[in-house]
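Here is a short briefing for a reader new to this structure. Look over the sequence and the model, then take the points below topic by topic.

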Amino acid sequence: MATSFSANASDIATDVRAVAEQTVRTQYAQAGGRVVIVPEQLNSRLRLAACPQALQARLPAGQQLSSRVAVSVSCPTSAGWTIRVPIQLQIYRQVLVTTRPLARGDSVGLGDVHSEERDITRLGYGYVDNLDQVAGRSLARPLSPGTVLQPGQLNGREMVRAGDQVELIAQLDGIEVRTTGQALDGGDTGTRLRVRNGHSGQIVPGIVLAAGEVKALP
């Protein structure tokens, strides 16, 4: 981010602050969200020489989402300077919040949550903003109404659950054979589990291909 500097000392401080704030807004701006900067004044004893070139500003590499960030603003000349400008901010985005009490083991559907605008800098354990993120997963603990849905509250995704009726796919002499079976374990795509063949009753090892589909292993 770059901007030109005024010659007046008070204007310089204003410009430094402005370029720092704009850098933060650009970094965290996102469709459907808004960034609120909480005004803070620079140290009144700070004296900076006027910069003959456009100011440059950057955020620290790997900056974690936080309500406070420090932006480095520089005058990019041989006799220039660099100052770290503290910025206090709020980042509001739509997140999913529980509508009713949910029990451990429940899956989360459209009627269980609603969307609310929240300051995500205060959601240190993350948040969920789309039901696609929780598809095939269940709750690891009960939740009361008004709770922001967080990734850590969810069990691992299960494309197949223990007890599900699945399609068991096997390769025999280059020919694909499909039959029905019952999953004895659960898991996500790529998980190894056991399936009881619906015709023979034999328990065979398999690997989850997709929802309701298991490939029999040799």
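In this predicted model, Glu-116 has a relative accessibility of 26% and counts as partly exposed. That label applies because the value falls between the 20% limit for buried and the 50% limit for exposed. The side chain of Glu-116 meets that of Arg-118 in a salt bridge, at 2.9 Å from N to O. Arg-118 is partly exposed, with a relative accessible area of 26%.

**Salt bridges**

- Side chains of opposite charge can pair when their charged atoms come close.
- How many salt bridges does a search of the whole structure find? The search finds eight.
- One of them links Asp-119 and Arg-122, with 3.5 Å from N to O.
- Elsewhere, salt bridges with shared partners join Glu-167, Glu-176 and Arg-178 into one network.
- Glu-21 and Arg-17 also meet through their side chains in a salt bridge, at 3.0 Å from N to O.

**Helix H1 and Arg-17**

- Helix H1 covers residues 9–28 and holds both Glu-21 and Arg-17.
- Glu-21 and Arg-17 lie four residues apart, which is about one turn of the helix.
- Is Arg-17 buried or exposed? Arg-17 counts as buried, because its relative accessibility of 9% is under the 20% limit.
- Arg-17 and Val-160 are 143 residues apart along the chain. Their C-alpha atoms are separated by 54 Å.

**Strand S6 and Ser-115**

- Strand S6 runs over residues 113–119, and Ser-115 lies in it.
- Ser-115 is partly exposed, with a relative accessible area of 43%.
- Ser-115 and Asp-129 are 14 residues apart in sequence. In space, they are 7.7 Å apart, C-alpha to C-alpha.

- Strand S4, residues 68–74, is mostly covered. Six of its seven residues are buried.
- S4 pairs with strand S3, residues 55–58, in the antiparallel sense over three bridges.
- In that pairing, Ala-57 stands opposite Val-73 in S4.
- S4 is also joined to strand S5, residues 82–98. Seven bridges link S4 and S5, and the two run antiparallel.
- Which residue of S5 is the bridge partner of Arg-68? The partner is Gln-88.

**The five-stranded barrel**

- Five strands close into a barrel in the order S7-S8-S9-S10-S11, with mixed pairing.
- From one strand to the next, the twist averages 50 degrees.
- S7 and S8 pair in the antiparallel sense over eight bridges.
- Ala-170 has Val-177 in S8 as its bridge partner.
- The hairpin of S7 and S8 has two residues between the strands. There, Asp-173 takes a positive phi near 55 degrees.
- S8 also pairs with strand S9, residues 192–197, in the antiparallel sense over three bridges.
- Across from Ala-183 stands Val-195 in S9.
- Strand S10, residues 203–210, pairs with strand S11, residues 213–216. That pairing is antiparallel and has four bridges.
- Ala-210 stands opposite Glu-213 in S11.

**The second largest pocket**

- Rolling a probe the size of a water molecule over the atoms shows where empty space is left.
- How much space lies in the second largest pocket? The pocket holds about 210 Å³.
- Its lining includes Leu-168, Ala-170, Gln-171 and Leu-172. Val-177, Thr-179, Asn-197 and Ser-200 are also among the lining residues.
- Which strand gives the largest share of the lining? S7 does, with four residues.
- By type, the lining of the second largest pocket divides into six nonpolar residues, five polar and no charged.

Definitions and conventions. Residues numbered from 1 in each chain as written. Predicted model: local features only at pLDDT ≥ 70, side-chain atom pairs only at ≥ 80, totals over all residues. Heavy atoms only, no water. Pairing = 2+ DSSP bridges. Axes fitted to C-alpha atoms, helices over the stretch in contact; angles between N-to-C directions. 1 Å grid on protein atoms, 1.4 Å probe; cavity = no way out; pocket = protein on both sides within 12 Å on 5 of 7 lines; lining within 4 Å. Points joined across faces, edges and corners; volume = space filled by probe spheres on them. Nonpolar A, V, L, I, M, F, W, Y, C, P; charged D, E, K, R; others polar. Salt bridge = Lys/Arg side-chain N within 4 Å of Asp/Glu carboxyl O. Buried < 20%, exposed > 50% of the residue type's maximum accessible area, 1.4 Å probe, protein only.
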